[in-house]
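Subject: Structure handover

Hello,

Here is the structure I promised you. Please open it first, then read my notes below.

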Amino acid sequence: MIALIARKELRALFGSPLAWFVLAAVQCILGYGFLKRLDDFLQIQSQLTQLNNPPGLTELVAAPTFATAAALMLFATPVLAMRFIAEERRQHSLTLLLSAPVSLTEVVLGKFLGLTGFLSIIALLVAVMPLTLSGIAVIDFGLLAMLLVALLLLTASFAAVGLYASSLTAQPVAAALAGFGLLIAMIFMGETAAESLRSRGWMAASALAQTLSPMKNFEPLARGIADSYAISCSLLLTIVFLVLTIRRMDAMRLRG
Amino acid sequence: MNTATLSETTLCARQLSRQYGKHLAVKPLDLVLQRGEVLGLLGPNGAGKTTTLQMLTGNLAPSGGSVSICGVDLLEQPQTAKQRLGYLPEAPPLYREFTVADYLSFAGRLHRIPSGRVWEAVDCAAQRCGLTGVLNKMIGTLSKGYQQRVGIAQAIVHEPDIIVLDEPTVGLDPNQLREIRAMIRELAQQSSVVLSTHILQEVEALCDRVLILHHGSVIFSDSIAGLRALTRERTLLLRLGTPPPPAALLAIPGIAAVESLTDGRWRLRCAADGDPTAQIVARAAAEGWDLQELGTAGANLEDVFAQLTQESPAT
């Protein structure tokens with residue numbers, strides 16, 4: 001049932017121009033960024049060889065491209081997520097799922113998988129760009145895999161937050177703005193609160209702030225460090241927002 | 001179909017009620033439906049029809065009471081119960097960017113039809129709803145009548161025991177109206193149907209039983225024959241070439257009220273007992289009123305409401 005709903009969501013996304021616009025726009029920006037950085041890399045390559053332990057192509061070209069992709073996800077996810085619950089409520093089509101013999105958990109997980117599935121396409125396309133150079137340059141496959149994992153984890157947490165925002169209202173635009181605002185607030189919390197709390201010695205509060213910040217968890221992974229704490233924080237954030245979404249949908253049934 | 005399945009109870013609601021804050025949207029109501037029956041939920045807008053249907057289909061949690069679908073409690077085992085339900089809400093839950101075939105097969109799979117049998121079920125539902133010609137069209141490009149049919153097809157694709165239709169004929173033209181009504185009658189041969197409407201004639205044309213809601217409470221619950229007895233020939237319309245003073249008409253036994261319309265037409269409200277038709281014809285002939293037309297006017301919902309709310313003691 002979860003897979004069925006996820007497939008339906010993907011099909012609905014690809015049936016709308018919005019999804020294609022997002023894919024095209026993101027790919028354009030990332031492609032340009034990738035080529036620009038590749039160009040810069042080629043210019044400084046001779047100087048790099050003089051260094052003792054020079055950073056490679058993956059570190060200097062692929063990693064920044066993934067960081068740009070992460071920033072773009074911040075905009076793309078809430079806009080796509082608004083279709084999943086808010087727009088379905090406005091178009092009254094959510095009733096089909098709610099009166100079907102499926103649980104709300106299945107509905108929310110199906111929608112979550114559909115959304116992350118779509119965003120994973122963007123992530124995979126980002127990973128393909130450095131791979132096109134694999135025949136003519138040395139690629140650090142370990143780092144590339146870690147970058148992909150980092151982006152996928154980030155995408156999953158963005159998607160969960162986006163879905164929660166989407167469940168808050170039946171106005172799609174309001175849902176997209178709420179999702180965007182929520183993500184920005186969480187990132188700022190991670191950036192500023194985590195540092196200042198740690199400097200005051202409030203470790204628990206600082207850890208919580210980091211849990212809430214998707215970007216803070218992205219950074220160590222994107223440097224190629226398999227930071228289990230950052231990975232668990234990302235997963236925890238995702239699960240918390242999925243549970244909130246399910247509860248929110250159940251409240252609709254109870255309150256009407 | 002044998003008589004044993006015909007008398008099977010499919011839907012049973014006990015003391016079902018719903019409150020929004022302090023406002024009682026639906027006061028406790030009981031409802032029992034047998035297989036093969038069509039139950040009409042009649043009432044003006046805001047009477048609580050949609051709220052009741054939402055509770056019966058598990059879309060809204062009731063404040064009190066219980067619903068059982070073919071013996072399965074809807075609140076305790078929602079998934080088992082919902083599998084036997086088909087629901088068309090007021091606004092059909094359509095995916096505009098899907099083709100009719102894709103949409104119906106998704107709806108079927110969602111209601112746990114095995115993937116091997118789903119296309120068979122889609123074809124069957126499409127045939128019953130007259131959608132065979134548009135299976136490969138986008139739902140968003142279809143006319144309102146066709147979209148309504150797709151909505152009904154989605155409610156019957158898994159051959160449910162109970163079909164719940166919320167105002168299925170709203171916004172349709174007279175031809176579509178007739179087709180959809182015929183379709184509903186056909187559906188009722190195998191399942192139970194609950195439908196809501198605010199049109200009295202629709203209930204008379206379709207339903208076996210009727211439940212009239214008014215401000216959230218049931219003010220009438222009986223067979224369609226009971227409703228007919230309530231509404232039958234209470235109003236006479238006549239046209240006279242040389243009308244007498246109203247007092248002369250009012251003097252005829254069995255006439256309770258006289259109302260003059262334009263163009264020599266009159267509306268006569270009859271008293272509950274007795275049929276004054278013969279009297280009117282006799283008097284008209286004897287006194288030269290020049291009787292040109294005489295007929296009965298179908299009662300409308302307002303008349304029935306006026307009558308029911310007057311008759312029922314204040315609660």
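In chain B of this predicted model, 67% of the contacts with a separation of 6 or more are between residues 24 or more positions apart. Chain B has 315 residues, and 39% of them count as buried. Its secondary structure comes to twelve helices and 14 strands. Along the principal axes, the C-alpha atoms of chain B fill a box of roughly 80 × 45 × 40 Å.

Next, the interface. On the chain B side, 25 residues are in contact with 18 residues of chain A. Three elements of chain B each supply at least two residues to the side that touches chain A: α3 (78-82), β6 (85-88) and α4 (100-110). Of these, α4(B) gives the most, with four residues. Sorted by class, that side of chain B has 14 nonpolar, seven polar and four charged residues.

Strand β12 of chain B covers residues 255-260. Its partner is strand β13 of chain B, residues 265-270. The two run antiparallel, and five bridges join them.

How many of the six residues of β12(B) are buried? The count is zero, and the strand is hardly covered.

Best wishes

Methods. Residues numbered from 1 in each chain as written. Chains lettered and ligands numbered in written order. Predicted model: local features only at pLDDT ≥ 70, side-chain atom pairs only at ≥ 80, totals over all residues. Contact = placed C-beta atoms within 7 Å. Nonpolar A, V, L, I, M, F, W, Y, C, P; charged D, E, K, R; others polar. Buried ≥ 20, exposed ≤ 12 C-beta atoms within 10 Å, placed from the backbone. Pairing = 2+ DSSP bridges.
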